[in-house]
Amino acid sequence: APRDIPDAPEPVAGGGRGRSNALVGFKPRKSLDPTGKPVTVECWVFPDGPGGVVLAHGGPLNGYAVTLKKRVPSFQVRSDEKLTIISGKAPLKKGWSHLAAVLGADKSMRLYVNGVLVSEGTSSGLVAESPVQGLDLAMDSGSSVGQYRMDHVYTGLLDELRVSFREVGAAEIKRNHADPLGARESNARAVLALSFDTPSAKDESPARNNGTL
């Protein structure tokens, strides 16, 4: 089927406080506040291009982001303006890939591709304060969390996205890669879960952080 969306607005960077110009955006809410918490982002991606922001939450003071550059995934964490980046060693293969980025309670950072650990490091800290900017998919509509341009837009497909404020372990990530539908059991412990089974940004986690298309 054609991938073009009829009459879709062009992505525009620079949304104001609490406002997002991303094609899929979520306003800042208490239930999405990552301050002082471990964070895990899981999703399936099918990129059309070489790079882009898959998910970004926050800005140049505090936040986190999952990005692609030359098809190589990165996990970026910003705490009190200090940025830490870990990246994979190889570009994603063609087709669907499962990404999982984990910020542990001990400030450890881990990045998994298709259930396999590809990079790890240590952040300067957990997210220190509630991000002023909301959570965006496929671009960072405000000031950038990490080292990328504000027009660093992801093009392609995105599915089965989940954000959890807990440190998801390697065994669970491996299971979630092997069984994407079964992985939805983890939605009950997430703060944002999107299956995109309907043409909406309906949150299927208990937090009900529904987004805007």
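Of the 36 residues in the largest nonpolar core of this predicted model, those that touch the most other members are Phe-26, Tyr-64, Phe-75, Leu-137, Leu-161 and Val-163. A nonpolar core is here a set of buried Ala, Val, Leu, Ile, Met, Phe, Trp, Tyr and Cys residues joined through side-chain atoms within 4.5 Å; buried means under 20% relative accessible area with a 1.4 Å probe, counting protein chains only. Strand E2 contributes the largest share of this core, 4 residues. In soluble globular proteins, nonpolar side chains tend to be buried together. With residues up to four places away in sequence left out, Val-163 is in contact (heavy atoms within 4.5 Å) with Thr-40, Val-41, Leu-55, Tyr-64, Leu-135, Ala-190, Val-191 and Leu-192.

Residues are numbered from 1 along each chain as its sequence is written. Because the model is predicted, local features need pLDDT of at least 70 and side-chain atom pairs count only at pLDDT 80 or more, while totals for chains, interfaces and linings use all residues, and side-chain values use heavy atoms, with hydrogens and water left out.

The chain contains 1 helix and 12 strands, taken as DSSP runs numbered from the N terminus (helices H or I, at least four residues; strands E, at least two). From the N terminus on, the order of elements is β-β-β-β-β-β-β-β-β-β-β-α-β. The radius of gyration, taken over C-alpha atoms, is 15 Å, close to the 17 Å that the globule rule (2.2 Å times the number of residues to the power 0.38) gives for 213 residues, so the chain is as compact as a globular protein of that length. Along the principal axes, the C-alpha atoms fill a box of roughly 45 × 35 × 35 Å. Buried residues account for 52% of the 213 residues. Of the contacts between residues at least 6 apart in sequence, 62% join residues at least 24 apart.

An open sheet is formed by 6 strands in the order E9-E8-E7-E2-E11-E12, with antiparallel pairing; two strands pair if DSSP finds at least two bridges between them. Strands E9 (116-122) and E12 (192-194) lie at the edges, each pairing on one side only. Neighbouring strands are turned by 15° against each other on average, direction ignored. Helix H1 (residues 170-178) packs on the sheet and touches E2 (39-47), E7 (97-103), E8 and E11 (156-164). The direction of H1 makes about 160° with that of E7, where axes are lines fitted to C-alpha atoms, for helices over the stretch in contact, and angles run from 0 to 180 degrees between N-to-C directions. Strand E8 (residues 108-113) is joined to E9 by 6 bridges, the two running antiparallel. Leu-111 has Ser-119 in E9 as its bridge partner.

Terms used
Buried < 20%, exposed > 50% of the residue type's maximum accessible area, 1.4 Å probe, protein only.
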